[in-house]
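Here is a short briefing for a first look at this structure. Start with the sequence and the model below.

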Amino acid sequence: MKFDVKKLTLDEKLHLLTGADLWRTYGANGKIPQVFLSDGPNGLRMHAEDGSTKKATAMPTISVVANTWNPALSYLDGATIAEDCIEHGADVLLAPGVNIKRTPLNGRNFEYFSEDPFLAGTMAKAYIDGVQSKHVGTSLKHFCVNNREYDRFYQTSELDERALREIYCRPFEIAVKAQPWTVMCSYNPVNGVYASENKYLLKEILRDEFGFEGLIVSDWEAVHQSYKAVKATLDLRMPYSEKAYPELKAAYEKGLLTEEEIDYCVQNVLNLVEKKVQADQKKKETLTKEERHANAVEIAKEGIVLLKNEGVLPLKKGKVAVIGEFSESPTLGGGGSAYVQTDFKQKFLSDLIAEREGYSVQHEYCLGGREHGTALKKGYAIAYEADTVVISVGTCKEVECEGYDRTTIRLTPIMENFILETAKINPNVVVCLHAGSAVDMSAWVDEVKAVVSVGYAGEGTNEALSAILVGEVSPSGKLTETFPLSLDDTYTGEETGNGLVEWYSDGIFVGYRYYDKAQADVQFPFGHGLSYANFVYSDLKIKQCGESEFEVSYQIENTSEVDAKEVSQVYVKQVFPMVVRPEKELKGFSKDLIKAGEKKTVTVKLDFRSFAYYNTAYRRWHAENGPYEIYVGASSRDLRLCGKVTLSLDDATQQSKW
Ligand code: BGC
């Protein structure tokens, strides 16, 4: 069956350009099959008929998936969520979100991958491939330049062209290569024009340059004037709006909108319908509920990041005190449209540790909710008796939530104080941090022996965390956003001046690009994460394979007695640029299992885009001739190897097609 725009009346066509209700496309009285769209990205969030939320697998949030630095796990995450979509009848998962983490305050950082566009795009592409491999569609969102929640409906993100291209559009450009079925526009205006009406963004950049072939859907209520959205090639206004039809009809009659423009969008809606119909014939569930849960645990195991460890982890056999409500009921995900309702009953961290041989565990679930004196006192009492104390602290879904931003990146004073006081009575304190974005730990980090960043790791949190704490699994996650010393150290330039505009005066200097330029100390740098193993990097070789293609290879030796995975990172720096460029930029990475005593050769590929910046005079990507330094690191501030390449391209090949 082929759905052809020519077979529809004008009225039917105009109705198709907005939804039938909150989640479904228009069905033209049964003539056209309806497509059901439902949230993501941390699992399926689907409304049931009675308004309740259906139960689904609470996967680790995207921020934790990103910390795995393992595209295969991002793919697995997508494929697992797709199974829940098939079970409940969702055709398109409204995910993944790939917006850049410009500030740790952003209420939705837990839904996003990284402060780095290459990493965010690469992980998102794998996620889309995973979902779509199961014949469920995706919606890459929120296009574009939506980097915090404050006044997200109205405030213009005003930025220069290089920041737009190199930082904010770049993850979309990479992820679009997976051809998500849909892309969702953001709420905010970009440079004064709503994203939903922004032809430059939607048509010229997303469709013409990035080669996006699918449907563009509005974020829910992001369209202000339907005809302007259609003119910008936004195909589907969601959810149903009673204003859409009369607005479109009037605009057509006044000659503000041509039938050709209408047909273009309608055909994209019909193509989505066609995809759904075809997919329905191929869909099948292959994973049991238990297998989906096991995948959630596996991803969490690689997404948890060991930030600090002074010899206390893995936990030694003996008496362990497990303290904090988060160890009983960790925050599985942040709040808002991404919140997943699971019926999985979380196992207590204390029980999971006690199940292993040689540990005698006492617990007190104070902190979080139970902060009264009696509970805290009991906490101190068991901490005093124990060999090691594991304190779980963090933020909850009411603190990190869609719709508003955090006001602080510190823990509550009671949590900070409890950590400090416990460190005075027991020298072996391990802090497990449950948060969706960076936390300022300057008040207590020097007083404790270990810090584990758990993130919002989904329904498998405690299973994954316990396996890491006791050393069954060596931690292998690394940070995908910088943890600054404090909020004062983040870029707070001249922004949000009058409440109408957020001026991106930091330009391309976002995340580590900013801290590098400012030569600022940070608490934990981008790319940082410790292991129970020890890795030695050596033998950097760079082989030229094409005019601007290179193979960077190096060896990593695991000199410990523990099998472990290591994330190695390749950064590129232009030595004498004609324009301002970051100190270095991530252009490749690899995650490899290296067994105890083994030495492995790792190869990472670089291409034209690894060297290019967006040249606003040419309106093209431009790789200048001359020397570039190539760094291989265990983090952005732990560079182990350095090599050089020189580009000598002819004039034409120095510029991209676009
Ligand atoms: C969010 C989207 C979400 C949509 C549907 C919006 O408020 O920004 O991410 O997909 O609602 O729930």
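Where does Pro41 lie? Pro41 sits in the loop between strand S1 (37-39) and helix H2 (62-67). The model is predicted.

**Backbone features**
- Gly40 and Pro41 are joined by a cis peptide bond, with omega about 0°.
- Another cis peptide bond runs from Leu313 to Pro314, and its omega is near -5°.
- Pro314 is found in the loop between strand S9 (305-309) and strand S10 (318-323).
- Gln519 is a residue other than glycine with a positive phi, near 50°.
- The loop between helix H16 (512-518) and strand S16 (535-544) holds Gln519.

**Around the ligand**
- There are 14 residues around the ligand, and Asp39, Arg108, His142, Tyr187 and Asp219 come nearest.
- By class, this shell has five nonpolar, two polar and seven charged residues.
- A side-chain N or O atom of Asp39 is 2.4 Å from an oxygen atom of the ligand.
- For Asp219, the distance from a side-chain N or O atom to a ligand oxygen atom is 2.6 Å.
- For Arg152, the distance from a side-chain N or O atom to a ligand oxygen atom is 3.4 Å.
- On its own the ligand has 310 Å² of accessible area, and the protein covers 93% of that.

**A helix pair**
- Helix H5 (residues 161-168) and helix H7 (residues 199-209) have axes that come within 14 Å and cross at roughly 50°.
- That angle makes H5 oblique to H7.
- The crossing of H5 past H7 is right-handed.

Notes
Residues numbered from 1 in each chain as written. Predicted model: local features only at pLDDT ≥ 70, side-chain atom pairs only at ≥ 80, totals over all residues. Heavy atoms only, no water. Near = heavy atom within 4 Å. Polar contact = N/O pair within 3.5 Å; in protein donor to acceptor, adjacent residues only side chain to side chain. Areas by Shrake-Rupley, 256 points an atom, 1.4 Å probe, with all protein chains shown as cover. Nonpolar A, V, L, I, M, F, W, Y, C, P; charged D, E, K, R; others polar. Axes fitted to C-alpha atoms, helices over the stretch in contact; angles between N-to-C directions. Helix = DSSP H or I, 4+ residues; strand = E, 2+ residues; numbered from the N terminus. Parallel < 35°, antiparallel > 145°, perpendicular 65-115°, else oblique. Left-handed = near helix turned anticlockwise from the far one by under 90°.
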